[in-house]
Amino acid sequence: VLTAKIASVQRSIEMQQKILDDAEQLKRYHQQNEQEHLFLQEIFSRLIGQSDLKDPCLKFWLKPAQRFSGDLLCARRAGPDQLYFMQADATGHGLAAAVPNVLVNQIFHGMSKKSLPIALMAREINRVLHAQLPLERFVALTVGRIDCRQATIELWTGGLPDAWVISDTGQLLHTFKSRHTFAGILPDREFDDSTEVWHWRQTCKLLLYSDGIIDACNSAKQAFGSERLLALILQTPMEQFIAAIENALQTHLQDEPNQDDMSCLTLRCQ
């Protein structure tokens, strides 16, 4: 009996030691993982920090669902009268979704710096993503250019929700339909790079938003929805669009976490 009890105590001691060893190993793994994440965050911040998102004619809001965002917003001036802009939403969440956006970000800045056509930019992004990403990975994309001298907005949209142009008086002036498929799906020979150009005749604002906003569900499984978003925008002063969207989503979600990355971008056209 004594031998059995001693053996039982010995097994208990060995089990406790294994638990302590596993806990120490898990702690070291967590510390290493945290350091790697911080390193990657610094890289992403430097890459995406190239954008002219502090331009006075635009405002934006981005709320990741995890540490790394699959949504990306970019802007770059090409002279005083032209502003290039982009919104990207990669499939998935976290780091796996953020990695494709590094490619998208580099192409956007390299080509907008040279004032290249929007159609050519969309085609190049699609070509690179199709060649570099696995089959199940792709990016919803809107890339465009505002030309204040010609009073035009040019847009290529694939996979993201329709973009809206709203007047100062709260009227829906134009809807840019999402006419194309996601970037990265089609081979170059099948890709449609046609863009839409719209002329404005009064001061207005272009609104881009990701599906994470309209798909955001509260505890009752009710989505925020595009109709609610449009109604909110039409009754909100132009300079308060972003704050109104953020506040409305917080009210809608209450304590529910957002399940997808959420982002929106407004650009003033005058």
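1. R77 is partly exposed, with a relative accessible area of 28%. Here buried means under 20% relative accessible area, exposed over 50%, and partly exposed in between (1.4 Å probe, protein chains only). The model is predicted: local features need pLDDT of at least 70, side-chain atom pairs count only at pLDDT 80 or more, and totals for chains, interfaces and linings use all residues. Residues are numbered from 1 along each chain as its sequence is written, and side-chain values use heavy atoms, with hydrogens and water left out.

2. R77 forms a salt bridge with D55; their closest N and O atoms are 2.7 Å apart. R77 lies in strand β2 and D55 in the loop between α1 (2-48) and β1, so the pair ties together parts that are 22 residues apart in sequence. D55 counts as buried, at 10% relative accessibility. For the terms: a salt bridge is a side-chain nitrogen of Lys or Arg within 4 Å of a carboxyl oxygen of Asp or Glu. Helices (H or I, at least four residues) and strands (E, at least two) are DSSP runs, numbered from the N terminus.

3. The structure holds 13 salt bridges. In one of them, the side chains of E154 and R145 meet at 2.9 Å, N to O. E154 is buried at 14% relative accessibility. R145 is buried too, at 18%.

4. K177 and D162 also form a salt bridge, with the closest N and O atoms 3.5 Å apart. K177 sits in the loop between β7 and β8 (196-199), and D162 in the loop between β5 (152-158) and β6, so this pair ties together parts 15 residues apart in sequence. K177 is partly exposed, at 43% relative accessible area. D162 is partly exposed as well, at 22%. Elsewhere, salt bridges that share partners join K59, D168, K205, E239 and R268 into one network.

5. Strand β6 (residues 163-167) runs antiparallel to strand β7 (residues 172-176), and four bridges join them. Two strands pair if DSSP finds at least two bridges between them. I166 has L172, in β7, as its bridge partner. The hairpin has four residues between the strands, and G170 takes a positive phi near 80°.

6. Is F68 buried or exposed? F68 is buried, with a relative accessible area of 6%. F68 is found in the loop between β1 (58-63) and β2 (71-77). The C-alpha atoms of F68 and L95 are separated by 5.3 Å, although the two residues are 27 apart along the chain.
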